[in-house]
Amino acid sequence: MTENQGPTALGEDTVTELADRIQGFVFVPGDAGYAAATAGFNLRSQQRPCLVVAAAGAADVRAAVAFAAARDLPVGVMATGHQPFPAEDGFLLVTTGAMRTVEIDTERGVARVGAGARWSDVVEPAQAEGLAPLNGSSPLVGAVGFTLGGGLSPFLGRSFGWGADHVVAIEVVTPDGVLRRVSATAEPELFWGLRGGRSNFGVVTELEIGLFPVTSFYGGGIYFPAEDVEAVLRAFPEVVRAAPDAFTCSVALLNFPPVPEIPEPLRGRFLAHVRVTHLGSDEEAEKLMAPFRAIGEGILDTVARHPYGAFPVVHTDPVDPFPYEEQGALLAELPAQAVESLVESAQVAAGGLVTVLEIRHLGGALAGRPIAAGPVAARDAVFNVWGATVGPPEVVDAGMSMLGGMIERLSPWATGLSYTNFAGRDDRAENVFTAEDLERLRALKKRYDPRNLFRVNNHNIAPE
Ligand SMILES: Cc1cc2nc3c(=O)[nH]c(=O)nc-3n(C[C@H](O)[C@H](O)[C@H](O)COP(=O)(O)OP(=O)(O)OC[C@H]3O[C@@H](n4cnc5c(N)ncnc54)[C@H](O)[C@@H]3O)c2cc1C
């Protein structure tokens, strides 16, 4: 799409007619609310739709999709704007931020999650019932986009598996404008494809997801100074080798900016952030962490028994929007040479341009392939490597080129695919799905979206 089909192309009357049918809001470029409606968490990912429908509910989504379909207008979906995609224009953007309703069904152990709910919206009511969802590290990430991109919980994933594998039912408005409720028994092929293929098949208005009886964990973060980074990277394989499924560990090499929002001991420093979560006893966790403990005390240590709702303490992800670019890779193994490569990358990262380089342990229940498991290629990997660079364009561009080199050097141990939720702006469907899944997804796309209307703001699956 190169042309911006503005409101003139659509006709003012036509837009007004749509707005009259919508309970939420409709914006066109130039409207006072347009900039806020199209702004996501990632300030580098500014989409330029010719029409925005800020949906208040499923009826609005149906009206928006039917409107777009009647005019051959491509459709994109955005909840929080956490994931970077190439900027496009001339399309209709459905935003779901207002659809944040969450209901907990304690009897069935499931949560009904509205399309715009963030993890904080789900964890709090679930914890009130002694339950926890398979949420991610950040309370602000959208539960629906996260889960349909695979759903890697760094707290519960190794114990229970991928979020996408614990979806019970999905309500989705497909490109024909029909609201469908799909599950393992109702339109099972679409149910399969959505649990990995997300906005390629429509706008999901509600998810029903499984919950687990977890109310606390032992874990947190230990921040080691620059001089300990190499020792931390060398200790990591030893720790994960002994880890039971209940224990999850990752190491992030971080360049903290010298800004007042960062606590004094970390401000402006390069360091290694060890992140751990254990669902067993405190003593067992400490025993498993012994190789890290042997390195030293660290600058800051938040490892303790925490109520589950305190999960953000483990990764301490940023809460304010900022401009960034990210790239990830999946590793099948982490032999000694791969650790050497990470140590070399750490020396380069210490220069400051790469803001974060993280290695996360997968495996455990994440390696499982339940019957009718969705197209989540990351289940074939044992580690996820992910990095990001933050700042103005020239800094991000230089940092991404450096990060690309780090990821390239790990290619001898890589599966060749990226994990959908951590894929970069340039990744395509071929980079996040296995060839076998992609073939099946293409056939599904042909059936539900033969005109490929849903081709914006996603890893587009071209119809067969
Ligand atoms: C700080 C941070 C921490 C993170 N931690 C984790 C983690 O621990 N584990 C993990 O797996 N990922 C993690 N992620 C990645 C995150 O899961 C992805 O960026 C995810 O795509 C975010 O979903 P969103 O809806 O919030 O973002 P958006 O950018 O709004 O959407 C992302 C994608 O989901 C699709 N989508 C959103 N809503 C719908 C809908 N209603 N129907 C159909 N498609 C929809 C969009 O079309 C788009 O393709 C993290 C990201 C950040 C920035």
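Strand β6 (residues 110-114) runs antiparallel to strand β9 (residues 203-210), and five bridges join the two; strands here are DSSP runs of E of at least two residues, helices are runs of H or I of at least four, and both are numbered from the N terminus. Within this pair, Gly114 sits opposite Glu206 of β9. The model is a predicted one, in which local features need pLDDT of at least 70, side-chain atom pairs count only at pLDDT 80 or more, and totals for chains, interfaces and linings use all residues. Residues are numbered from 1 along each chain as its sequence is written, and side-chain values use heavy atoms, with hydrogens and water left out.

The two strands belong to an open, antiparallel sheet of five, ordered β5-β6-β9-β7-β8, where pairing takes at least two DSSP bridges between two strands. The edges go to β5 (102-105) and β8 (179-183); each has a single partner strand, so one side of each has no neighbour in the sheet. On average, neighbouring strands are turned by 15° against each other, direction ignored. Axes are lines fitted to C-alpha atoms, for helices over the stretch in contact, with angles from 0 to 180 degrees between N-to-C directions.

Two helices pack on this sheet. Helix α5 (residues 119-128) touches β5, β6 and β9, and its direction makes about 35° with that of β5; contact means heavy atoms within 4.5 Å. Helix α8 (residues 188-197) touches β7 (167-173), β8 and β9, at about 95° to the direction of β7.

On the domain 1 side, Phe41, Arg44 and Gln83 supply 64% of the area buried against domain 3, more than any other three residues.

Arg44 itself lies in the loop between α3 (34-38) and β2 (51-54). Setting aside residues up to four places away in sequence, Arg44 touches Pro323, Tyr324, Glu325, Pro393, Val396, Asp397 and Arg425. With Glu325, the Arg44 side chain makes a side-chain polar contact at 2.6 Å.

How values were computed: A polar contact is a pair of N or O atoms within 3.5 Å; within protein, one must be able to donate a hydrogen and the other to accept it, and residues adjacent in sequence count only if both atoms are side-chain atoms. Buried area is the accessible area (1.4 Å probe) that two parts lose on being put together, summed over both.
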